[in-house]
Amino acid sequence: MKINNDFLWGGATAANQYEGAYDEDGKGLAIADVITNGSHTVGRRITWKNPVTGDVGTIGINGEPLPQGAQPAVLEGYYYPSHQATDFYHHYKEDIALMAEMGFKCFRMSVNWTRIFPNGDDEVPNEAGLRFYDDVFDELHKYGIEPLVTILHFDCPVALINKYGGWTNRKMIDIFHRYAVTLLNRYKGKVKYWLTINEINHIDRIPVMAFGTLETSLQGRAQMAHNMFVASSMVVKSAHEIDPENKVGMMLAYKPTYPLTADPKNQILILENEQKIMFYSDVMMRGKYPEYRLKMYEREGIVLDSKPEDYELIEKYTCDFLSFSCYGGNTVTVDETNAENVGGNFTQGVKNPYLETNAWGWSIDPYCLRLACNTLYQRYQKPLWIVENGIGWADELVDGKVHDNYRIDYLQKNIASMRDAVVLDGVDLMGYTMWGCIDIVSAGTGEMRKRYGFIYVDKNDDGTGTLKRIRKDSFYWYKKVIASQGEDLS
Ligand code: BG6
């Protein structure tokens with residue numbers, strides 16, 4: 001079974017986890033630049049300083065608000081993985097050549113907002129930053145690789161957090177739109193696939209880390225979501241006006257959810273969990289707030305600061321396609337008595353007795369992509385794009401080689417499941433970009449040892465390493481998969 005010729009095979013990354021050069025060539029400070037390293041057991045922290053009192057401190061990344069008067073800041077004595085990351089900024093030519101060698105048809109990357117506008121809302125964009133992405137896109141096109149660009153991936157200029165409190169403020173709508181339009185104009189003809197906001201539903205889990213906000217209450221998160229919906233619709237409108245070739249996608253963190261037992265209460269729990277996630281895609285793909293969400297707002301006394309034009313924009317400018325991340329299924333139960341908790345992509349669930357997990361508790365699920373594709377395609381009937389899937393593993397470099405058969409095994413199962421969705425079920429799937437196609441910093445833990453790549457980067461958790469790039473066994477395997485259009489998974 002083959003996948004169609006025009007299918008966009010490739011890999012995915014994000015600027016804050018890959019680019020490094022956090023203060024070079026005029027780049028400003030972003031939220032990711034003040035997030036420390038952590039591990040599976042020690043959470044990452046956001047460091048802050050109060051410029052008036054001089055107090056310093058840290059908060060966790062899971063929705064804890066910043067103290068009054070505190071501003072995100074780089075402090076002495078902490079290690080910040082984004083500052084160098086795996087240094088795409090200085091290695092992009094070498095890395096893109098390796099991606100081309102694997103046969104990539106597309107490459108998902110994000111733009112660092114503060115490379116373009118160091119403070120987020122500067123009068124003129126930073127030419128050096130714009131030029132860097134010009135060079136990257138030119139290099140990709142040299143090999144016939146189509147860029148897929150995420151405009152906002154776990155990013156927010158710190159200056160905007162300090163000035164406006166972040167996305168709860170309606171001012172962010174126009175500021176973000178202006179940033180996006182700057183990209184759309186500058187890269188017209190070079191980029192035609194865009195994603196507005198990475199994993200927008202993580203507003204509910206990691207609003208400070210992912211989007212930079214000071215207000216994390218339910219009311220605050222509802223307002224953030226609303227402002228982002230309006231901003232994203234404005235970007236869709238402008239993208240189509242600037243170049244009718246542009247296609248703009250939304251990006252959802254999605255995973256099928258399984259009940260641990262047949263207790264119907266588990267099914268209700270799943271329904272409610274799905275509503276929390278699909279609220280975001282319902283608005284961005286269907287163009288209106290779903291009834292279940294409006295009822296919840298009524299019950300909770302949530303009142304949005306909104307204008308009638310917002311709803312017109314949301315309705316008229318829905319996204320052209322839906323992209324999503326999916327690493328494995330999530331299992332839930334209302335009775336947690338004997339259930340073992342496991343991790344996931346910023347979600348919590350319980351151990352599924354039928355699924356293996358990696359060292360970070362993420363499930364290895366041979367069916368998740370077929371299930372996810374069918375659920376989302378049936379609901380929206382719009383093209384889909386799997387923009388994140390993969391497995392983190394503490395690879396070992398032995399005699400200059402990485403034998404990552406566990407990664408090949410995971411990807412064999414996942415790509416077969418995706419292929420079933422396309423070939424057996426007729427899902428309209430635009431492409432597949434494996435997450436972290438070259439080793440980058442883990443968003444959840446800040447570690448280097450949680451590696452996803454086909455390409456190993458010699459860099460350690462403490463920041464040491466030569467940054468040398470080394471092809472893993474999976475590199476040669478993926479090359480074969482792409483060349484056979486997904487037929488040869490052996
Ligand atoms: C997604 C993000 O949440 O999962 C990525 O979009 C992230 O930025 C990826 O890296 C994998 O998570 P982690 O924590 O293993 O890096």
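Predicted model: local features only at pLDDT ≥ 70, side-chain atom pairs only at ≥ 80, totals over all residues.
Strand β6 (residues 146–152) and strand β7 (residues 193–197) run parallel and are joined by four bridges. Two strands count as paired if DSSP finds at least two bridges between them. Strands (E, at least two residues) and helices (H or I, at least four) are DSSP runs, numbered from the N terminus. Strands of a sheet pair through backbone hydrogen bonds, either parallel or antiparallel.

Now follow the strands around. They form a closed barrel of eight, in the order β1-β5-β6-β7-β8-β10-β16-β17, with parallel pairing. From one strand to the next, the twist averages 25°. Angles run from 0 to 180 degrees between N-to-C directions, and axes are lines fitted to C-alpha atoms, for helices over the stretch in contact.

Helices pack on this sheet too. Helix α4 (residues 127–142) touches β5 (106–110) and β6, and its direction makes about 170° with that of β5. Helix α13 (residues 405–424) touches β1 (8–12), β16 (384–388) and β17 (429–435), making about 170° with the direction of β17. Contact here means heavy atoms within 4.5 Å.

Next, look at an open sheet of three strands, ordered β3-β2-β4 with antiparallel pairing. Its edge strands, β3 (56–60) and β4 (71–72), each pair on one side only. Strand β2 (residues 45–49) pairs with β4 over two bridges, and K49 has Q71 in β4 as its bridge partner.

Two helices also meet. The axes of α8 (residues 218–242) and α11 (residues 308–316) come within 9 Å and cross at roughly 55°. That makes α8 oblique to α11, since angles under 35 degrees count as roughly parallel, over 145 as roughly antiparallel, 65 to 115 as roughly perpendicular and the rest as oblique. Among the residues of α8 in this contact are F229 and V230, while those of α11 include Y311 and L313.

Finally, step back. The protein has 14 helices and 19 strands, and its C-alpha atoms fill a box of roughly 60 × 55 × 50 Å along the principal axes.

Definitions and conventions. Residues numbered from 1 in each chain as written. Heavy atoms only, no water.
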